[in-house]
Amino acid sequence: GENVKKFAHKLGVEVGAKHTFLTTSATTALWVSLKALGIQANDEVAISDFSFPATANVVEDLRAKPVFVDVNFDTFNMNVDDLISKITKKTKAVIFVDAFGNPTGLHEIKDICDDHGIPLVEDAACALGSGEYDIPCGKISDITCFSFHPRKLLCTGEGGAITTDNDELAKWLESRLLHGAN
Ligand SMILES: *Cc1c(COP(=O)(O)O)cnc(C)c1O
């Protein structure tokens, strides 16, 4: 109801994103983000190899192939060179994980994705309030997914959110998340 709208609005203001959507969990947020990007069977999705299982499970669930990318030992975040070596014609998305809520290296990965025309999804399950170069998580990637599970920084019982500045994706999400009821 109204509280959900208020929460989504406040979250959008907090991270500076143009569009914010609430979901039942970060897992749902990741799954629906890949759906919005049109990920389907046999597509490859490059993901950080150090994460919670949900990051790979949503890719598997869409019958796509998770391609594991090594992380740096100093940040536990995706390694640029290993990502470049694993990008193929089939790579349809990259999921960067903010390990322990730390987005270090995210801008560099975004540049690589932009160079290759591959959308960047951010698993920011633990990263609400974090940012890189003074830009908040939620504003850097093409799509960012947050979690409000009891184990995370902010808890709503269970819950998640998606933020994006992309109008086209937002239109798709707005319609699908409410089963076309809006
Ligand atoms: C907790 C977590 C998730 C899953 O969040 P839920 O809201 O429980 O679905 C996904 N990715 C990472 C990195 C997490 O830490």
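This is a predicted model: local features need pLDDT of at least 70, side-chain atom pairs count only at pLDDT 80 or more; totals for chains, interfaces and linings use all residues.
**Ligand site.** I found 15 residues surrounding the ligand, and the closest are A26, T27, D123, S147 and K152. I sorted that shell by type and got 6 nonpolar, 6 polar and 3 charged residues.

Next I checked which side chains put an N or O atom by the ligand. For T27, such an atom sits 2.6 Å from an oxygen of the ligand. S147 also has a polar side-chain atom 2.6 Å from a ligand oxygen. I then looked at cover: the ligand alone exposes 390 Å², and the protein buries 91% of that.

**Main core.** Which residues touch the most other members of the largest nonpolar core? I got L34, I39, V45, V59, I95 and I162, out of 23 residues in that core. Helix 2 gives the largest share, 5 residues. I note that nonpolar side chains in soluble globular proteins tend to be buried together.

**I162 up close.** I picked I162 and skipped its neighbours within four places in sequence. Its remaining contacts include H19, F21, V32, I143 and L173.

**Second core.** I also came across a separate core of 15 residues, with V80, L106, I109 and I140 among its members.

Note on methods
Residues are numbered from 1 along each chain as its sequence is written. Side-chain values use heavy atoms; hydrogens and water are left out. A residue is near a molecule or strand if one of its heavy atoms lies within 4 Å of it. A polar contact is a pair of N or O atoms within 3.5 Å; within protein, one must be able to donate a hydrogen and the other to accept it, and residues adjacent in sequence count only if both atoms are side-chain atoms. Accessible areas come from the Shrake-Rupley method with a 1.4 Å probe; for residues, only the protein chains shown count as cover. Ala, Val, Leu, Ile, Met, Phe, Trp, Tyr, Cys and Pro count as nonpolar, Asp, Glu, Lys and Arg as charged, and the others, Gly among them, as polar. A nonpolar core is a set of buried Ala, Val, Leu, Ile, Met, Phe, Trp, Tyr and Cys residues joined through side-chain atoms within 4.5 Å. Buried means under 20% relative accessible area, exposed over 50%, partly exposed in between (1.4 Å probe, protein chains only). Helices (H or I, at least four residues) and strands (E, at least two) are DSSP runs, numbered from the N terminus. Contact means heavy atoms within 4.5 Å.
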